[in-house]
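Please keep the sequence and the structure in view while reading.

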Amino acid sequence: MKNQVTIHLHTVIEDNGLKETSTVKQIGNFYQKNNMDVLAFEEKVEGDHAIKSMITIQPGKVNIKRSGLVSMNQQFRSEKVTENVYNHPHGHIHMETFTKSIDYQALSGEQAGHLKVEYTVKLNGQDERNHTLTLTFNKEEEE
């Protein structure tokens, strides 16, 4: 099953009392296959570059794969540490992620899909920062 959806991605990073937030709204696709849900979308960034994102959601596990101007494959597993390398035009950054919680409500009927991941990240071994990723998605309204 494939649906075109409107995706709202909101992230909050807390670092020593400072909060950095970002919100992205994109049109993308939502697929359901076996016990896995997948969201795929593309962001246009400065200089007409594109970053493709694919978010795979399974029980107790979320994977975010980005490719293009920046690339990474970040895994979230409930109460576990995962590692990856974030590649962007200015170099490579080692990321260590500890997932505190994953809360997911699948898209069904008229009810929006909702994903919330709370986690910490250490970049290149520096102090960890608290992150919250909140993703909501709705079926595109048909004309």
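N84 lies in strand 7, where strands are DSSP runs of E with at least two residues, and helices runs of H or I with at least four, numbered from the N terminus. At 10% relative accessibility, N84 counts as buried, the terms being buried for under 20% relative accessible area, exposed for over 50% and partly exposed in between, with a 1.4 Å probe and protein chains only. The model is predicted, so local features need a pLDDT of at least 70 and side-chain atom pairs count only at pLDDT 80 or more, while totals for chains, interfaces and linings use all residues. Residues are numbered from 1 along each chain as its sequence is written, and side-chain values use heavy atoms, with hydrogens and water left out.

**Confidence**

- The protein averages a pLDDT (the predictor's confidence in each residue, from 0 to 100) of 92, and 97% of the residues score at least 70.
- Among the elements, the lowest mean pLDDT, 91, belongs to strand 3 (residues 36-45), and the highest, 97, to strand 9 (residues 113-123).

**Surroundings of N84**

- The side chain of N84 reaches the backbone oxygen of N73 at 3.4 Å, a polar contact in the sense of a pair of N or O atoms within 3.5 Å, where within protein one atom must be able to donate a hydrogen and the other to accept it, and residues adjacent in sequence count only if both atoms are side-chain atoms.
- Not counting residues up to four places away in sequence, N84 touches M72, N73, Q74, Q75, I93, H94 and M95, with contact meaning heavy atoms within 4.5 Å.

- Ten strands form an open sheet in the order 6-5-4-3-2-1-10-9-8-7, with antiparallel pairing, where two strands pair if DSSP finds at least two bridges between them.
- Strand 6 (72-77) and strand 7 (81-88) stand at the edges with a single partner strand each, so one side of each is left without a neighbour in the sheet.
- Neighbouring strands of this sheet are turned by 25° against each other on average, direction ignored; the axes are lines fitted to C-alpha atoms, for helices over the stretch in contact, and angles run from 0 to 180 degrees between N-to-C directions.
- Strand 1 (residues 2-15) runs antiparallel to strand 2 (residues 18-33), to which 14 bridges join it, and strand 1 also pairs in the antiparallel sense with strand 10, over ten bridges.
- T6 has a bridge partner on either hand, namely I27 in strand 2 and N138 in strand 10.
- At the other end of the strand order, strand 5 (residues 61-68) pairs with strand 6 in the antiparallel sense over six bridges, with V62 standing opposite F76, and a hairpin of three residues joins the two strands.

**Buried residues and aromatic rings**

- The structure holds two aromatic pairs, for which rings of Phe, Tyr and Trp (its six-membered ring) must have centres within 6.5 Å, with planes under 30 degrees apart counting as stacked, over 60 as edge-to-face and the rest as tilted.
- One of them is the tilted pair of F30 and F137, at 5.0 Å centre to centre and 40° between the planes.
- This pair links distant parts of the chain, since F30 sits in strand 2 and F137 in strand 10 (residues 129-139), 107 residues apart, and both residues are buried.
- L107, in the loop between strand 8 (91-105) and strand 9, is buried with a relative accessible area of 7%.
- Beyond its neighbours within four places in sequence, L107 is in contact with residues including N3, V5, F30 and F137, and the C-alpha atoms of L107 and V5, 102 residues apart along the chain, are separated by 9.8 Å.
- N3, found in strand 1, counts as buried at 16% relative accessibility, and its contacts outside four places in sequence are G28, N29, F30, L107 and K139.

**Positive phi in the loops**

- Most residues other than glycine have a negative phi.
- N16, in the loop between strand 1 and strand 2, has a positive phi of about 50° although it is not a glycine, and at 76% relative accessibility N16 counts as exposed.
- E79, in the loop between strand 6 and strand 7, has a positive phi near 55° and counts as exposed at 61% relative accessibility.
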